[in-house]
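Q: Hi! I'm new to this one, could you walk me through it?
A: Happy to, let's take a look together.

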Amino acid sequence: MNSPNVIPPTASSYLNKTYWDERFANEEHYEWFKDYSHFRHLILQHINPTSSVLELGCGNSQLCENLYGDGITQLTCIDLSPVAVENMRNRLMSKGYHEIKVEEADMLDLPFGNGSFDVVIEKGTMDVLFVDSGDPWNPEPTTVNKVMKMLQEVHRVLKPRGIFISITFGQPHFRRPLLHAPEFNWSMECRTFGDAFHYFFYILKKGERLPVSESSIDIVHIPPPISLIHEELDDEDYIFRTNLDEE
Ligand SMILES: C[S@@+](CC[C@H](N)C(=O)[O-])C[C@H]1O[C@@H](n2cnc3c(N)ncnc32)[C@H](O)[C@@H]1O
């Protein structure tokens, strides 16, 4: 479904709204990382048909349709790109998924009230904020500020016992300092999925943070260094990952 001309010259192009608009004007469907079938078993442990769900940066992914197919109908998708939003609305209407709301919005400034959702989910969207982060062990302050703003917004729009699910390339040693910053009262768990290369599935449960002395992260697998596995990644996953997790 992808075509070579959507791959940008540098990873920092992924921060550019115009890049996404131009890409979505020509691309019908592209699924970042893996499709729903690979992590469905993990998602369904945390979302049920009564959950209200917000998806950040839906792009032209089929995630919301897949969730709908599993009976989760209270879905809202947002994306920064008006082209993505228009295309997604048209696609969902043509398939009869009238209940799914799609809105143009910035995940750093969400247009929803406090405590609006049971679940917020993102796949590859937070990773966009890291593409010009510099040293992953010591990311640029501009990157940290944007990621913290996004996480503050997610924390704010979640209900008191809400859950944030983040599906990413980002390994726990790089993500934990931000995802589990002291200002958030959510607990943090990490699962992995995938075949040769493992993607990370973070589960942050609001209101369940343990005192520092009792907290730990439950991580199932640690993947090999990128140099051993990059040939197994899609070309675009590889460029997107550049600057994210180099050690
Ligand atoms: C790497 S793609 C992931 C798309 C989709 N989640 C998937 O799994 O295939 C990143 C998406 O995030 C959107 N995006 C980038 N920055 C955003 C922001 N600040 N707020 C909302 N969406 C954003 C882009 O337009 C793009 O659709």
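A: One term before we start: two residues are in contact if their C-beta atoms, placed from the backbone, lie within 7 Å. Also keep in mind that this is a predicted model.

Q: Thanks! What do the buried residues of α1 pack against?
A: They pack against α4.

Q: And which residues of α1 are buried?
A: Helix α1 covers residues 17-26, and its buried residues are W20, R23 and F24. They cover an arc of only 95° around the axis, which puts them on the same side of α1.

Q: Which exposed residues are on the face turned away from that buried side?
A: T18, A25 and N26 are the exposed residues carried by that face of α1.

Q: Let's zoom out. How many helices and strands does the protein chain have?
A: There are 9 helices and 7 strands in the protein chain. The chain has 247 residues, and 34% of them count as buried.

Q: What about contacts in the chain between residues at least 6 apart in sequence?
A: Among those contacts, 70% join residues at least 24 apart.

Q: In what order do the strands sit in the sheet?
A: The 7 strands form an open sheet, and the order is β3-β2-β1-β4-β5-β7-β6, with mixed pairing. The edge strands, each pairing on one side only, are β3 (101-104) and β6. On average, neighbouring strands of this sheet are turned by 20° against each other, direction ignored.

Q: Where does α4 pack?
A: Helix α4, residues 82-95, packs on the sheet and touches β2 and β3. The direction of α4 makes about 165° with that of β3. As for α6, that helix also packs on the sheet, touching β1 (52-56), β4, β5 and β7. The direction of α6 makes about 140° with that of β5.

Q: Tell me about β4. How many of its residues are buried?
A: For β4, 7 of the 7 residues are buried, so the strand is largely enclosed by the rest of the structure.

Q: How many bridges join β4 to β5?
A: There are 6 bridges between β4 (residues 117-123) and β5, and the two strands run parallel. V120 stands opposite F164 in β5, and F117 has L158 in β5 as its bridge partner.

Q: How many bridges join β1 to β4?
A: That pair has 4 bridges, and β1 and β4 run parallel. Here V53 stands opposite V119 in β4.

Q: Switching topic: which residues come nearest to the ligand?
A: There are 20 residues around the ligand, and W32, G57, G59, S61 and K123 come nearest.

Q: How do the residues of that shell divide into nonpolar, polar and charged?
A: The shell around the ligand has 10 nonpolar, 6 polar and 4 charged residues.

Q: Which elements each supply at least two residues of the shell?
A: β2 (74-79) and α5 (125-128) each do.

Terms used:
Residues numbered from 1 in each chain as written. Predicted model: local features only at pLDDT ≥ 70, side-chain atom pairs only at ≥ 80, totals over all residues. Near = placed C-beta within 6 Å. Nonpolar A, V, L, I, M, F, W, Y, C, P; charged D, E, K, R; others polar. Buried ≥ 20, exposed ≤ 12 C-beta atoms within 10 Å, placed from the backbone. Pairing = 2+ DSSP bridges. Axes fitted to C-alpha atoms, helices over the stretch in contact; angles between N-to-C directions. Arc of directions from axis to C-beta.
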